[in-house]
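User: Hi! Could you walk me through the pockets and charged pairs in this one?
Analyst: Happy to, let's have a look together.

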Amino acid sequence: MDKFYGITTAVICFLLVTPFEKATEVAVGEEKIATVISGVIDTGVLGAGGIFPALIVAILSISVFAWLDHKNLTIKLPDTVPPNVMKPFLAMVPMGATVLLFMGVRLLFQLTPYGTLSQCISTLITKPFLNLSNNIWVFMFLMFIAQVLWFFGLHGTNLILTPIWQPAALVAMAMNLEAYNSGLALPFLMTAAFRVYTNHCKLSEIVALCVLGKSQRAKAMKKTILVPAIFNIHEPFVFGLPAVMNPTIFIPWILSEPLQAGLAYFLMKITGAIPIYDVPWTTPPFIKQLIATNFNPWAVVITFATFAFGFLLWMPFIKMLDNQFLKEEAENQ
């Protein structure tokens, strides 16, 4: 079956469950009267607030369409019929049945307190997920788990933060962008853009090793780890030191970044330097935070404060690790 028909079915089903009305206020003289305008699509449904309903409807509608197609519930035509004529007929039954199913879903939800499928998903899924993504304690806990996985050589960021926290955080960021462009107050403090304050946390320990390291091993590593770290590439340090499975630095490794995130959140809350946009991850520090906050100077202060905090936390452990290197080098001479 041509993919075009599956995509078309998903779009039709999404429009079917989308309310064609908008509640608003109309000015009559000096008074404002609440009314409902029919025959229009609320642009909010097509914006950030409609991401989760669109995803769910697309997945379900295409799954139903594909299931019906695999069951060969199609109109049979002779092999002599040209393919460009046959394809629409093959898609007619699966598409029609899927559309009728979602028409029934729309009618069923009109009988519920939610009124529409979009409102139901927003109440039961979108808002709870947004509340979780907007909670600094949830973010710090997820960072802690991610760092534990990193310690064992697993990509904790991609295994924990990206699949669990990032989807809802991206929706929150889109809502913040809409509010910012409309001149309204930002509805969320924690969005996907908040990670501009945490992406360079590992720079603290890398700089600490480069500044405090006196061993030949530390001096050799300095040549390969510092420049990539400025562009948020930490693998030379993580696997070259190695930080993986290194018991000497286990404590700061799992605690430093969650604590730095907590400090960044506290300073962001009191200064109002809220990141609006998630800048590309390879952007160097200070520049990245300035762009993300629309050049709020407090972003530089927050970035430096979190870096300094991490540097101080790592200092005794880096010295301990460097002493081990010095001892090993003395024994090998």
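User: Which residues lie nearest the centre of the second largest pocket?
Analyst: Asp42, Val45, Ser118, Gln119 and Ser122 do, out of 18 residues that line the second largest pocket. A pocket here is an open set of points on a 1 Å grid over the protein atoms alone, where a 1.4 Å probe fits, with protein on both sides within 12 Å along at least five of seven lines; lining residues have an atom within 4 Å of a point. Keep in mind that this is a predicted model: local features need pLDDT of at least 70, side-chain atom pairs count only at pLDDT 80 or more, and totals for chains, interfaces and linings use all residues. Residues are numbered from 1 along each chain as its sequence is written, and side-chain values use heavy atoms, with hydrogens and water left out.

User: Which elements give two or more residues to that lining?
Analyst: Strand S1 (21-28) and helix H4 (117-133). H4 gives the most, with five residues. Helices (H or I, at least four residues) and strands (E, at least two) are DSSP runs, numbered from the N terminus.

User: And what volume does the largest pocket have?
Analyst: About 530 Å³, where a volume is the space filled by probe spheres set on the points, and grid points are joined across faces, edges and corners. Among its 25 lining residues, His155, Thr157, Arg195, Asn199 and Asn232 are the closest to the centre. Helices H5 (136-151), H6 (156-181) and H9 (235-240) each give two or more residues to that lining, and the largest share, five residues, comes from H5.

User: Switching topic: how many salt bridges does the structure hold?
Analyst: Two, counting a side-chain nitrogen of Lys or Arg within 4 Å of a carboxyl oxygen of Asp or Glu. In one, Lys202 pairs with Glu257, and the closest N and O atoms are 2.7 Å apart. Lys202 sits in the loop between H6 and helix H7 (203-212), while Glu257 is in helix H10 (residues 250-271), 55 residues apart.

User: What about Glu328, which residue does it form a salt bridge with?
Analyst: Arg217, with the closest N and O atoms 3.9 Å apart. This pair links helix H12 (residues 298-332), which holds Glu328, to helix H8 (residues 216-230), which holds Arg217.

User: Why does Glu328 count as partly exposed?
Analyst: Because its relative accessibility is 39%. Arg217 is partly exposed too, with a relative accessible area of 32%.

Definitions and conventions. Buried < 20%, exposed > 50% of the residue type's maximum accessible area, 1.4 Å probe, protein only.
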